[in-house]
Amino acid sequence: MGQNVLEINDLSVKYKVYEGVLDVIPDLSLYVQEGERVGLVGETGSGKTTVLKASAAILGNTPAIVNKKELKVCGLSIDGIRGKKNVRKNVSMIFQDPSTSLNPTLKIQTQMLDILKSQFPKKSKGFYHEMMMRALKSVSMPAPERVLDSYPIQLSGGMRQRVCISMALMKNTKIIIADEPTTALDVTIEEQILELIDDLVKKEKKSLILVSHALGTVRKITDRLYVMYAGQIVESGLTKDIFDNPHHPYTIGLIDATPKLTGNGIADGIAGDIPSYLNPPKGCRFAPRCPRATQICREQAPVLEKMEGSVDRFVSCHNLEVSEKPVVSSLT
Amino acid sequence: MLAAYLQKLDSDKTNKNSRIEQFKRNWYKFSRNPMNIIGLIIVAVVIFVTIFAKTLAPHPEDAGLHVDIMNAFSKPTLKNWAGTDEYGRDLFSRIIIGLRPSMGIAIMVLAISVTIGVLLGLVAGYYKGTLIDLLISRITELFMSIPPLILAMVVCTMFSNNYFFAAIGIAVAWWPWYTRITYNLVTSLSNELFIVYTELAGVKMMKIIIREMLPNITSSILTKMTLDTGSIILVASSMSYVGLGVQPPTPSLGSMVSEGIAYLPEFWWLTVMPALAVVVIVMGFNLLGDGLTDVLSVEDK
Amino acid sequence: MKEGLIYVFKRFIHILIILLVLSFIVFSFIRLIPGDPVKSTLGPLASEESVNRMTHELYLDRPLVVQYGHWLKNVVTQGDFGKSLLTSRPVSLDIKEYLPRSLELCFLSALMILVFGVLFGTISAVFRNTWIDNVIRFLTYLGVVTPPYAFGVLFLLIFSYLLKWFPIGGLPRFSPENVRTGMLSIDALLMGNFSLFIKVLQSYFLPCLSLAIGSIAYQARIHRSAMVENVNADFIAFAEVAGVSKSKLIFKHLMKPSFIPTLTVYGLQVASLLGNAFIIESMFRINGFSQYSLNVILNKDPYGIVAVTFIFGVIFAVVNLCIDIGVVALDPRIRLKGAE
């Protein structure tokens, strides 16, 4: 590992809605190194997708106010039209729902061809066909010829996601962003798709950002982990370290909330909801739901600080001392 | 989950304050766009003027066969705001009084077509998939396959060419749209979870339609009614342009335009003023309708 | 493509049935008109014998269904719609005289609606929330709420009376031997007279624009909202990140799905053009079918009314079938589902 292929410093995103301004991401920094597989976890509405969309420079389509001090892809800025070009050259993205991420009115062939033509302009028909077949075969797609000639609705959800992955991989980029690539799929197919992504990323030595709320998945695939809550990173570090010994009360709760084979379905979880972005808590954003919250949590926002004697471990909490003795046990 | 849902239903009913709160929220949303307010004001003024037309008109006698030849073809002045016509009648008064039949037709058409349309739509939705549904759908389609203006004119001339049958004629062409919108709303609602739950809980379908669905579709129907008021006024004015509906000497906006055409271009106000009145009125109803659509669709999200 | 053909064929049969039922209803409805058509044709002095003979010849003494069958047979086999009481000649002759002109008017208007509606809608969507978008949205709003006759008056005043760019009304006259299709622009081209062709288009311009402008405005609004809705769709974001070029993204990936709602609304607009044209026809002194229908209706001419409603039904059906074919070509979802 070494060079940072993606670097976000002090990203802030606000959405303008009729009630006022939603302060979704106040101040966020993260990085991804070459060949690294990074996970981003947090419950629904914690701003994960917004971070990804900012990285892929497609927030422009939404009513978002993006204020980024520094957002670099492969060491290049992503600002302006030139920046967008940099992003297009270096970032591929796989979306959450394969049924909405393919154009319903165009054949798979046409959609793939348009991507190829912009990547490799003015090549022969045979060349493009060869490329498309190779891409589909690389995601172990059965009957690729037939798939090319199909419209998205003629394919199953799993097949569509395979098509999306093959399209994302056709561009030879260093970074792949996967936004909950399996949530919209059957559980039986979930495993296959994740293995596929894992394989391809390993084989081609790409960097991966995987967003998911399936913690089991994240634990298996990623090297390093960011835990997000209400638009902020509350804990980060090596995946193994975090799962073995979570520090932030939110991380503890999140790990505790994963379904276990024993027990009744969704376990205890964390009481309450994500605070309103319209008027977020003054102090720590997690304080209203935190079992350990004290006066200082409600008044002063904690800072993400490196833990002493750790490898890349950051936590943002006022009451870390208490956490030395775990409140709840981790995965059983 | 069902229990939670039923509980929520109860709390919704008992909590009158939340209704008021909801109304305040919607009003706030609505009032943020000045266009909505303009629409509301125009509609309010139109309704007010319609009701008090006879008192508000500076020259109410000009609605009939009043002749003041000395004053004919006067340009818009301070005395005659919209000028006068070939008999010296005050155009402004005639426009104000001409509003009445237009609004009357709109109200009658809406009353008839909403009653029939919504009823048939509910019945078809209730008997979805049966012969009754098929029959109603086909009849609706049949009525939609003739241009509405032609259908209205055929009906109006067949019976009697007057103001009442003009409204009946337009209503005959208009109701299918309400059947269709109601039917679509009912079928899409019946897939919603809260209806499915209520159905599973053993509540009779008829009761579901009346108690659950009807309140849910009223906002859409009301919005459509607001928008349609403008369209009906347009259609009625097109009909009166060719002499169908209100009979002279009673003024109506469409016939005023058509009579004025003969005097173009010197006496332009004879056509421009009533046409302008139609534009402003229709725009008012459209602005209001669009505002309502915005507020109600945001609420859905 | 096979699924598409099956779907279109199904729609065709469906429309045919609607048309038959429609004409039957109008046909029986017409009997409600007071007065005996035979007596009013032959005049008050006709003998009872000749009245009876004609009643028999016209199938009027047979049951309604037989009468209708006879009428339908004549329509299908000979294009004979019966005799008009208003013009006292076969309705089919009247239709042949008036319909081509109106079709020409509506066709040109339909062309304007498609071209300008989509153009302004696209510009508005691409530059959404800028001043260009706001100006277009304001103008289209005005267009939707203004009655077509008001536009007619306005255009006549400005372009014909004030600026004198266009004729005040009426169409160029053709000598009978030069009338081949009845559509003036085509006839002019068939004559090889290009300056006459230009003159025809010039005479058609204002009436077409007055007839079309409300629909253009409405179409632009529909197209804008369809495009804006799709701009936020995942598949556009996905295609953008995957590297599809900007122009392809807008004119192919965004335009194609946006055309589906646009086309459906376009069908409704075009189908109602002919029915709304009578005011414009009379204002611009175009002796067309719409105005003829109005006269027939106002004079309660029974065979005339049946014929014109039938023609309106046919036009509605044809336009709808074309739109169906268009939607099927655009949307594989309908094509694949509809063939089941």
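This is a predicted model: local features need pLDDT of at least 70, side-chain atom pairs count only at pLDDT 80 or more; totals for chains, interfaces and linings use all residues.
The C-alpha trace of chain B spans about 80 × 45 × 30 Å along its principal axes. Chain B has 301 residues, of which 43% count as buried. As for the contacts within chain B, those between residues at least 6 apart in sequence may be considered: 68% of them join residues at least 24 apart.

Helix α8 of chain B runs over residues 163-189 and holds 27 residues. At 1.5 Å a residue, this helix should span 39 Å, and the distance of 38 Å between its end C-alpha atoms agrees with that expectation.

The description now turns to the interface of chain B with chain C. Here 32 residues of chain C are in contact with 29 residues of chain B. On the side of chain C that touches chain B, the elements giving two or more residues are α1 (2-30), α6 (131-145), α7 (148-162), α11 (246-276), α12 (278-283), α13 (289-298) and α14 (302-330) of chain C. Among these, α7(C) gives the most, with six residues. Sorted by class, this side of chain C has 24 nonpolar, seven polar and one charged residues.

Ala230(A) has a phi near 50 degrees, a positive value in a residue other than glycine. Ala230(A) is placed in the loop between β9 (224-229) and β10 (232-238) of chain A. Is this residue, Ala230(A), buried or exposed? Ala230(A) has 25 other C-beta atoms within 10 Å, and because 20 or more are required for a buried residue, Ala230(A) counts as buried.

In chain C, Lys300(C) likewise is a residue other than glycine with a positive phi, near 50 degrees. The location of Lys300(C) is the loop between α13 and α14 of chain C. Lys300(C) has 17 other C-beta atoms within 10 Å and is therefore partly exposed, since that class lies between the limits of 12 or fewer for exposed and 20 or more for buried residues.

How values were computed: Residues are numbered from 1 along each chain as its sequence is written. Chains are lettered from A and ligands numbered from 1 in the order in which they are written. Two residues are in contact if their C-beta atoms, placed from the backbone, lie within 7 Å. Helices (H or I, at least four residues) and strands (E, at least two) are DSSP runs, numbered from the N terminus. The expected span of a helix is 1.5 Å times one less than its number of residues. Ala, Val, Leu, Ile, Met, Phe, Trp, Tyr, Cys and Pro count as nonpolar, Asp, Glu, Lys and Arg as charged, and the others, Gly among them, as polar.
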